[in-house]
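Dear colleague,

Please find below the structure that I am handing over to you. A summary of the findings follows it.

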Amino acid sequence: MLVLLSVSTQSFSQEKLSSPDDVTPQYLENIFKNAYIDVLEVKDTFVKIKDNRTLYLDIDSQKRFISISTLYTLKEGAKKDEILEVFNAINKDVLMIKCHYNESAHSVSFYYYFWIDNGFSDKTFVSAVKLFQTGVTLAISKDSNNTIF
């Protein structure tokens, strides 16, 4: 048991911390390819990936954080008061993510900001992306009457 604990601790402690200076779209692309997550698109400031959901990873211009987001078109005929009621529940109950309603596009964007300014590990970032997807699932479940999603 002690040997296993020692090996686990040593493996964990050897996880390399990446610097914000390392973060480029190509760097993020490699992280997700190594995690066997599909990389759909790589641009100058963002990466588009597909895991359980299609996600966008945007690099802050000052490299303080990477925003993780996804976009959903709302059901046709969903009323603004119903939408805002569900979004208020999401913003109150699902602490990790925030949602933004785009009335003109009749869509919602879910966001999470993964802070990188003090360094991060690839494993922690991939875990945050997975957790974000779980948060989006929880957020969508707040529409218990299936009126907007």
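Helices and strands are here DSSP runs, helices of at least four residues (H or I) and strands of at least two (E), numbered from the N terminus. In these terms Gln62 belongs to the loop between strand 3 and strand 4. Please note that the model is a predicted one.

Overall architecture

The chain contains four helices and six strands, and their order along the sequence is α-α-β-β-β-β-α-β-β-α. Along the principal axes, the C-alpha atoms occupy a box of roughly 60 × 40 × 25 Å. The chain has 149 residues, of which 36% count as buried. Of the contacts between residues at least 6 apart in sequence, 57% join residues at least 24 apart.

In soluble globular proteins, nonpolar side chains tend to be buried together. The largest nonpolar core of this model comprises 37 residues, and those with the most contacts inside it are Leu28, Phe32, Leu57, Phe87, Phe110 and Phe125. At least two core residues come from each of helix 2 (25–34), strand 2 (46–50), strand 3 (54–59), strand 4 (65–73), helix 3 (80–93), strand 5 (98–102), strand 6 (107–115) and helix 4 (122–141). Helix 4 provides the largest share, seven residues.

Apart from neighbours within four places in sequence, Leu57 is in contact with Leu28, Phe32, Thr45, Phe46, Val47, Ile49, Ile66, Ser67, Ile68, Phe125 and Val129.

Helix 2 has Pro25, Tyr27, Leu28, Glu29, Ile31 and Phe32 as buried residues. The buried residues of this helix pack against strand 1, strand 2, strand 3, strand 4 and helix 4.

Aromatic pairs

The count of aromatic pairs comes to 12. In one of them, the ring centres of Tyr72 and Phe149 are 6.2 Å apart and the planes stand at 80 degrees; the pair is edge-to-face because the angle is over 60 degrees. Tyr72 is in strand 4 and Phe149 in the segment after helix 4, so that this pair links distant parts of the chain, 77 residues apart. For Phe114 and Phe125 the centres lie 4.9 Å apart with the planes at 50 degrees, and the pair is therefore tilted. Because Phe114 lies in strand 6 and Phe125 in helix 4, this pair ties together parts that are 11 residues apart in sequence. Both partners count as buried: Phe114 has a relative accessibility of 7%, and Phe125 has one of 0%. Ring pairs also join Phe32, Phe114, Phe120 and Phe125 into a cluster.

Loops and backbone

Most residues other than glycine have a negative phi. Tyr36, which is not a glycine, has a positive phi of about 60 degrees. Tyr36 follows helix 2 and is placed in the loop between helix 2 and strand 1 (38–42). With a relative accessibility of 79%, Tyr36 counts as exposed. Lys63, also a residue other than glycine, has a positive phi near 55 degrees. Lys63 sits in the loop between strand 3 and strand 4 and is partly exposed, its relative accessible area being 25%.

Gln62, in the loop between strand 3 and strand 4, counts as exposed at 56% relative accessibility.

Ser121 is found in the loop between strand 6 and helix 4. Ser121 counts as buried because its relative accessibility, 6%, is under 20%. Leaving aside neighbours within four places in sequence, the contacts of Ser121 are with Glu15, Lys16 and Leu17.

The largest pocket

The volume of the largest pocket is about 150 Å³. Its lining consists of Glu82, Glu85, Val86, Ala89, Lys142, Asp143, Ser144, Asn145 and Thr147. By class, the residues lining the largest pocket are two nonpolar, three polar and four charged.

With kind regards

Definitions and conventions:
Residues are numbered from 1 along each chain as its sequence is written. This is a predicted model: local features need pLDDT of at least 70, side-chain atom pairs count only at pLDDT 80 or more; totals for chains, interfaces and linings use all residues. Side-chain values use heavy atoms; hydrogens and water are left out. On a 1 Å grid over the protein atoms alone, a cavity is a set of points where a 1.4 Å probe fits but cannot get out, and a pocket is an open set with protein on both sides within 12 Å along at least five of seven lines; lining residues have an atom within 4 Å of a point. Grid points are joined across faces, edges and corners, and a volume is the space filled by probe spheres set on the points. Ala, Val, Leu, Ile, Met, Phe, Trp, Tyr, Cys and Pro count as nonpolar, Asp, Glu, Lys and Arg as charged, and the others, Gly among them, as polar. A nonpolar core is a set of buried Ala, Val, Leu, Ile, Met, Phe, Trp, Tyr and Cys residues joined through side-chain atoms within 4.5 Å. Buried means under 20% relative accessible area, exposed over 50%, partly exposed in between (1.4 Å probe, protein chains only). Contact means heavy atoms within 4.5 Å. Rings of Phe, Tyr and Trp (its six-membered ring) pair if their centres lie within 6.5 Å; planes under 30 degrees apart count as stacked, over 60 as edge-to-face and the rest as tilted.
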